Amino acid sequence: MSAQGGVQYSKIAEIKGPLVVVDGVESVAFDELVEIQTTDGQRRLGKVLEVGNRKAIVQVFEGTTGLSVSGTSAKFVGKVMEMPVSEQVLGRVFDGLGRAIDGLPEPIADKFIDINGAPMNPEQREYPRDFIQTGVSVIDGMLTLVRGQKLPIFSGSGMSHNILAAQIARQAAVVGTSDEFAVVFAAIGVQYSEAEYFRRSLEESGALKRSVLFLNLADDPAIERIITPRVALTVAEYLAYDLGMHVLVILTDMTNYAEALREISAAREEVPGRKGYPGYLYTDLSTIYERAGRLRDKKGSVTQMPILTMPSDDITHPIPDLTGYITEGQIVLGRDLFRQGVYPPVNILMSLSRIMKDGIGEGRTRGDHQEISNQNYDAYSRAQEVRALAGIVGKAGLTGVDLKYLEVGDGFEKEFLTQGVDENRTIDETLGLQWKVVSLLPKNELTKVKDKFIDQYYQER
Amino acid sequence: MGIDSALEKTVEKILQNTEQQIISNLKDALKSSQQTLANSQSSLEQEYDKILAEGKKEAEKLEKQIIGNADLDSRNKQLLLVEESIEKVFQKAIAKLQTADRNESYSKLISSLIKESIDTIGTSEIIVQTNSKDKSVVQSLLSKFPGATLSADQIDCLGGIRVQSKDGSMKFDNTLDARLDRLNPLIRKDIATKFRG
């Protein structure tokens with residue numbers, strides 16, 4: 001940071017959607033931060049998207065509503081957008097651009113960090129290991145979140161993903177270690193009521209102390225949404241790599257982020273890709289998701305849990321599709337379960353945590369974790385087949401074992417999957433419930449678990 | 001033996017039988033309830049442990065809430081106090097800048113500000129604006145910068161200059177206010193560090 005500042009240009013050639021074209025510029029850099037000054041002295045922030053022929057295309061984060069070609073000026077600040085960071089950001093609430101909105105002064109910065117982050121050196125990356133306990137049985141038991149992992153939640157419009165996100169933010173913890181843990185929560189394009197819910201939920205549970213909230217509301221300019229995940233991740237990286245904390249970043253809703261990207265792309269008249277999203281959607285999303293990880297010789301970790309709503313519940317839509325290519329698995333919420341009133345309505349048959357095996361087992365969770373999880377998956381999958389069969393031949397046409405599987409299906413959904421919004425289950429409780437569900441089957445049906453575990457944990461009726 | 005005594009014997013026998021039956025029933029009931037009690041002991045213990053564990057969990061949750069909120073509250077009060085003190089330091093500094101002597105070193109500062117502005121804007125054909133206090137200092141320095149002219153319009157600032165290209169397309173704010181504004185986060189950090197020792 002220097003006292004010098006930048007040159008202010010008053011030749012605005014064009015205002016097009018969220019973009020302002022400034023004419024006659026010199027020595028302007030790509031991605032440089034721009035301060036747009038309106039006729040009434042109001043300041044808005046933007047960044048340079050393109051430079052050439054003494055023209056600069058500036059993307060205005062706070063929108064161009066009310067700007068006119070005459071009277072508007074653009075000051076090129078001479079640096080990229082930075083987020084002031086320090087330990088003081090914990091317990092604070094910011095807007096989508098990283099400005100304090102909790103009535104307290106801006107935090108006193110320890111450092112100013114480029115919000116685009118420095119790319120992680122692949123050679124310095126450490127493989128994600130160790131488990132983060134969310135207190136939500138279906139995640140901890142069957143789709144375990146591992147420190148440094150990126151595990152998205154694919155949801156649909158109107159489903160309970162935000163309730164789940166808030167529950168995870170309140171309850172998440174690293175167990176069996178004294179390492180510090182923090183949650184960075186970025187709400188992207190959410191309704192006011194949802195933002196209030198997130199804020200209240202963290203405040204009332206006492207979890208705000210170890211959290212940082214970024215709230216970009218639905219009525220905030222869409223362009224701000226491009227910045228929100230980046231400022232959130234910048235803070236997360238600082239907490240992880242400078243202060244040595246394990247940080248869980250929850251980004252909701254990434255669909256709104258992609259919509260904002262599409263808006264800018266359309267305004268720039270770029271050739272549209274699938275469903276009008278820009279062709280570089282994959283690359284752009286990866287610049288966010290790839291910021292999760294662990295670094296060698298650094299104590300902390302950044303774990304990401306992006307949440308996205310699939311338009312029309314379509315998992316082949318470009319946003320979930322491209323997200324799935326980058327992330328390490330996915331948690332899919334099912335419409336049928338949601339309609340039945342199951343919370344959290346996780347469809348485990350469509351969900352997967354690819355690196356779960358590296359975060360569980362003896363010394364991390366429990367020796368039988370992987371096997372009992374496989375057994376539950378197998379039993380529930382079989383229960384679904386039996387349910388389909390029962391729909392055709394009726395219960396009378398089922399064998400005794402089939403009927404047991406039907407019981408397992410119900411038990412799985414009612415006892416293991418269903419959980420209170422404030423119910424924080426330990427990993428032992430979760431594994432106990434998994435054993436309870438499969439204990440509805442005769443012992444000889446448990447083919448995925450070793451006999452020693454059956455002897456130890458099988459619950460006779 | 002009369003009818004009465006036979007009747008008495010019968011009644012007595014019936015009474016004895018009934019008594020034995022009642023005692024036997026009572027013994028059975030006692031045995032059964034002792035058995036039930038013994039059986040339910042373990043499930044009661046489990047239930048007791050469960051209630052105790054839930055209570056402990058709830059207490060830990062409440063403790064976390066109370067401590068978390070209290071910590072945050074005290075931290076926030078501290079932040080407000082530090083900010084209040086920083087604001088006071090800034091006000092004092094601004095008052096000092098307003099009354100600063102326009103001496104030789106100040107003249108050197110203005111000269112460097114003009115040079116910096118020309119370098120940044122990329123042209124020496126500039127119009128310089130300043131406040132009434134600095135007007136004479138700036139005027140005396142402009143001879144060193146050919147192409148620069150002093151604007152008749154005065155600006156409201158602590159000191160320093162604001163320049164614009166002669167065609168009006170470029171402006172550069174190099175007033176003390178603007179510089180203070182740009183360095184505000186760094187100055188705040190320095191002040192806060194001094195407060196904390």
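Start with one pair of residues. D181(B) and R43(A) form a salt bridge through their side chains, with 3.8 Å from N to O. Keep in mind that this is a predicted model.

Now step back from that pair. How many salt bridges does the rule find across the interface of chain B and chain A? The count is three. Polar contacts come next. Between chain B and chain A, 11 residue pairs are in polar contact, with both residues at pLDDT 80 or more.

Which parts of chain B supply the side that touches chain A? Four elements each give at least two residues: α1 (3-98), α2 (104-121), β4 (170-175) and α4 (176-196) of chain B. The largest share comes from α1(B), with 15 residues. By type, that side of chain B has 14 charged residues, 12 nonpolar and seven polar.

Now the whole contact. Chain B brings 33 residues, and chain A brings 37 residues. Interface size is often quoted as the accessible area that is lost when the parts come together. Here, chain B and chain A bury about 2900 Å² between them. Of that area, 55% is on carbon and sulfur atoms.

Next, the strands. Look at β4(B) again. Strand β1 (residues 8-9) of chain A pairs with β4(B). The sense is antiparallel, over two bridges.

Strand β4 (residues 32-37) and strand β7 (residues 73-80) of chain A run antiparallel, joined by five bridges. One place to look is I36(A), whose bridge partner in β7(A) is A74(A).

Last point: confidence in chain B. Its mean pLDDT is 89, and 99% of the residues of chain B reach 70 or more. Where is confidence lowest in chain B, and where is it highest? The lowest is α4(B), at a mean of 86. The highest is strand β1 (residues 126-130) of chain B, at 93.

That's the tour. Over to you.

Technical notes: Residues numbered from 1 in each chain as written. Chains lettered and ligands numbered in written order. Heavy atoms only, no water. Contact = heavy atoms within 4.5 Å. Buried area = accessible area lost by both parts, 1.4 Å probe. Salt bridge = Lys/Arg side-chain N within 4 Å of Asp/Glu carboxyl O. Polar contact = N/O pair within 3.5 Å; in protein donor to acceptor, adjacent residues only side chain to side chain. Nonpolar A, V, L, I, M, F, W, Y, C, P; charged D, E, K, R; others polar. Pairing = 2+ DSSP bridges. pLDDT = per-residue confidence, 0-100.
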